[in-house]
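Subject: Structure for you to look at

Hi there,

Here is the structure I promised to pass on.

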Amino acid sequence: MTNDRRLIEDFLPIKAISAEASREKSIRKGHISTLHLWWARRPLVACRAAVYGALVPALKFVPENGPDNKKQSLGRASASKFIQRLCRYPSDSKKQQKADIERAIREAQKHILEAHAERLTKETGKKVTVEDIEEGRAPRPKVLDMFAGGGAIPLEALRLGCEAYALDLNPVAHIIELCTLVYPQKYGKPDPNTHGMTGPKNTKGETTWGGLANEVRYWGEWVLKKVKVQIGDLYPLIPDPYYKVNKPAIQPEMWQSSQKETVPPGYLVPVAYIWTRTVRCKNPLCGAAVPLVRQTWLCKKSGGKRSDPKYVAVKICVDPKNKDSRFEVVEARSEAGLGFNPSAGSKRGDATCSLCGTVADSDYVKAEGCAKRYGHRLMAVVATSTRSAGKKYLPTSDAPNQALDESSLDKRAEEAAAAYGVTIPNEPLEPNPRSFDVQHYGFTHWRDILTPRQLLAMTCFAGQIRKAYDELVKAMGDPDVAKAMATCLSMALGRLADYCTSFCTWQPEFVAHTFDSPGLPMIMDFAEANPIVDTSGSWPSAIDYVAAALEEFTVAGYPGIIARGSALKSPWQQNTFDAIITDPPYYDSRSYSNLADHFFVWHKRSLGHIHSEHFASELTPKKNEAIAAKYRHQGSKDTADRAYEKMMEEAFIECNRVLRPGMPLICVYAHKTTAGWSTLINALMKAGFLVVEAWPVDMERKVRQNAQKTAALASSIFLVARKREGALTGSYEDEIRSELDKIVRERVDSLWKMGITGADLVIAAVGAGLRAFTRFSKVEYANGEEVPAEKFLAEVEGVVLETLLEKIFGVPGSGVAGVDGPSRFYVLWRYTYKAAEIDAGEAIVFTYGQNVELDGPNGLASGSRVLVEKKKGKYRLRDFTERGDDEKLGMPKDDGKSATLIDTLHRILWLLENEPRKLNDFLGEARPDRERLRLVAQTLAGTALAGRKDDGPEHTLATTPAEVAALKKLVANWRQLVEAGLSNVDPKSKQLRMPFSEAKK
């Protein structure tokens, strides 16, 4: 260990950080994620750990001694205790918890500034103290995020007393960073010397500045009142069908009032409208309007101690006379009580006409959309009442005048846009096959994804923000403050834009936002939120969330320093930064620039006049976006890979230039395959960096949408790198292989003891193994051939898996070596990926070093008894229920060689569950190696493959539930079922000499 070694290079309590980062994901109001949507934001506590670990020397806690030194262990325990105090996200109701965290943050600031002062003292030869730094006589430590996105990393750098720098190419990300890193620090607190609208009056009788959040609430209400006057008539109140007292007349002027409106007795407030798209029946003799709705659930409540069960859904009824459908709202106390299946709608884009039975197939549905022939039918209205809590679900017959004329709304939207001096967003939806599917259905421009009513509403909100800026300048007399306020108001517009499209779904009982996942898939039944009432997806809700977030962002008395531009060419001087902590684009992940276009077109209309330098283009810049997107390279994956690697290399070269010598680069990476890492590692090596450590930090909620079906990593990896000195060429055989074995064994052992499992352990150990490779600028085999990164990654993974096998089986390498290749492969796959399917490329890499192959004549995915199933470019393991009925499975091969242990085990399990009396015959003929067979069975049934206990019961199974149950039964009765049987086989008859009555048990 050297004196400049950082804590993150030595130790992090990653399980504790992971648990808190996962918990943070479920906290909503006041969190950075609720200011404005930005994809793949890292949890704040994980970012805080990275900043703290990068700037505090390891010697702060861990003495410079051998790995088994008692003082070192105590030091790491002390570091663990402190970081767990520091890296917590407070619950809203726990004031004491917040106070404890604030104390830990102040301690962390002191640790960071002490280390920085010591370094400045050594460099300048002049004594520098913490007080010098805090009072501005010496610089603060500078931290850069060169792919800053939503600003989580620089926000935590500000919180910990650093000078935070943020760089991003995307204009939407840039204004989010302004509202996160700059404006809250400058204007967040109340100020009696600044004119505002919400603070107390000063001696001159002027209203003073009440703080950024309060001012946003005030002006958000100002915008809302103006918009209500323009569009309030489009959301009429609904007569309550259950209100029996004298009903007053409908008040169409209610929304026109400048006063705070009240709902008159006997009326309901619409909060959401449930729609379905329709096409004309494909049968020319029918011609009915066919609803394309997939499901019609409105409410699903099982009930509890305080509520009764409630199941509500829309029933589609056929009207043969008018060749049409009508919609009824059905309510019951059980799902069966509805009398129909609300989920029995269109499937895979195909919809069946209820009148004639003709199927409108997906190609026809797409063609109708492209021809602009979709219809829209209102199925139900969701409303609230001032008389009772909860939502009411009304059929269209009880909600008159809710479906409005689209052509008149389009005209009103155009007129409103012209009045505000803007245009309707007719920018194109640029091709992005990884994220967008809607162009195939005729949605080719951003205006297309909104209903006419939504288009008018969004235009009015954007226009009123423009007007608010002018009013702010007049009221406050300071254009800079007015600019900050208008930008923060546009954060609410961004939130509203996410809920104001015809691609929002109704998730009983709320409107789910458009970008619930990073893409825009086709939606046939959608929910339209009422934007002017205080409900999910509305302007009042958006203002509330934005203001609450702004209150939490005031973490420093000085602003962050942000710039918009490419990471390939930063504006800062050489050797500027004390740490670079960044979350770069992930290989072939989705293009956030395409996704951000939806927000860009609306921010351009609300802010383009005051942020003209960022919103002058038609859409967000994409040429310099670092992503391996083959659709931007004429469909060539190789060209896309090379372009991504080149961009990342240039970005890391910039990192090398602006990073101070001896200071760390921390790269957060979450691509799930080692194959996806090769371009990143090549770029780091070529840019002159050495990877010294890798930490897996779980940043996802425990219930992930794709947790079981895909092999997504639960963790992101913190790759810690240093500038490499010199340009040496290393020999793989002489200098790297032996070092690699040592690094990997130590890393697997330490991660295993920490409780890290599965793919996270594999990827983290592979990352640590890169230390042996990246300390050279070039690595060669003995014959002079260069070792490419992808080849080395495969070698590293092979070493990791071999080391893991010893851990999983619980025996030395010699014992593992006796297990055949396919059985070892099966155990490792189950440990790493559980029951998930994985991409072909990743699966092939996983076979490296395992003496197995997937395809080919003898491949595991070939023949009639395949162990691995290949389907549509994906591989998955098959369990005993899918293989064990084959009578030849587990039997000696034609050449006399024994069957693989996993084949034998699968056949035993199947017989045990289905034909137990045949098990004796099978054992007599198969004659498996009982000890190694038991080793495999015990391993698959054991705790090593069970996963982390905090994952919950649905995440603990390494294999399928049926296989786990059968394995446990087998292992528990091993002596009676297998050993006794094999010991009592008559060599002539090959039958058991003892009754086999126990088998059925």
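Let me start with helix α19 (residues 789–809), which has 21 residues and reaches 30 Å from its first C-alpha to its last, close to the 30 Å expected at 1.5 Å a residue. The expected span is 1.5 Å times one less than the number of residues; helices (H or I, at least four residues) and strands (E, at least two) are DSSP runs, numbered from the N terminus. Of the 21 residues of α19, 15 are buried, so the rest of the structure largely encloses this helix. Buried here means under 20% relative accessible area, exposed over 50%, and partly exposed in between, with a 1.4 Å probe and protein chains only. After α19 comes G810, with a positive phi near 75°.

A word on the source: this is a predicted model, in which local features need pLDDT of at least 70 and side-chain atom pairs count only at pLDDT 80 or more, while totals for chains, interfaces and linings use all residues. Residues are numbered from 1 along each chain as its sequence is written, and side-chain values use heavy atoms, with hydrogens and water left out.

Helix α25 (residues 919–926) is also largely enclosed by the rest of the structure, because six of its eight residues are buried. Those are L919, N920, F922, L923, G924 and A926. R927 follows α25 and has a positive phi near 45°.

Next, the packing. The largest nonpolar core holds 314 residues, of which Y52, W539, F652, L804, L905 and L970 touch the most other members. Its largest share, 13 residues, comes from helix α12 (residues 479–499). A second, separate core of seven residues includes L113, A117, V130 and I133. A core is a set of buried Ala, Val, Leu, Ile, Met, Phe, Trp, Tyr and Cys residues joined through side-chain atoms within 4.5 Å.

There are 29 aromatic pairs in the structure. Rings of Phe, Tyr and Trp (its six-membered ring) pair if their centres lie within 6.5 Å; planes under 30 degrees apart count as stacked, over 60 as edge-to-face and the rest as tilted. W39 and F515 are edge-to-face, because their ring centres are 5.8 Å apart and their planes at 90°. W39 sits in the loop between α1 (14–24) and α2 (44–55) and F515 in the loop between β16 (510–512) and β17 (525–529), so this pair ties together parts that are 476 residues apart in sequence. W39 is buried at 7% relative accessible area, and F515 is buried at 2%. Ring pairs also link W38, W39, F515, Y592 and F599 into a cluster.

Finally, there is an open sheet of three strands in the order β8-β9-β10, with antiparallel pairing. Since β8 and β10 stand at the edges with a single partner strand each, one side of each is left without a neighbour in the sheet. Four bridges join β8 (residues 297–301) to β9 (residues 310–319), and nine join β9 to β10 (residues 324–332); two strands pair if DSSP finds at least two bridges between them. β9 and β10 form a hairpin with four residues between them, and K323 in the turn has a positive phi of about 50°.

Best wishes
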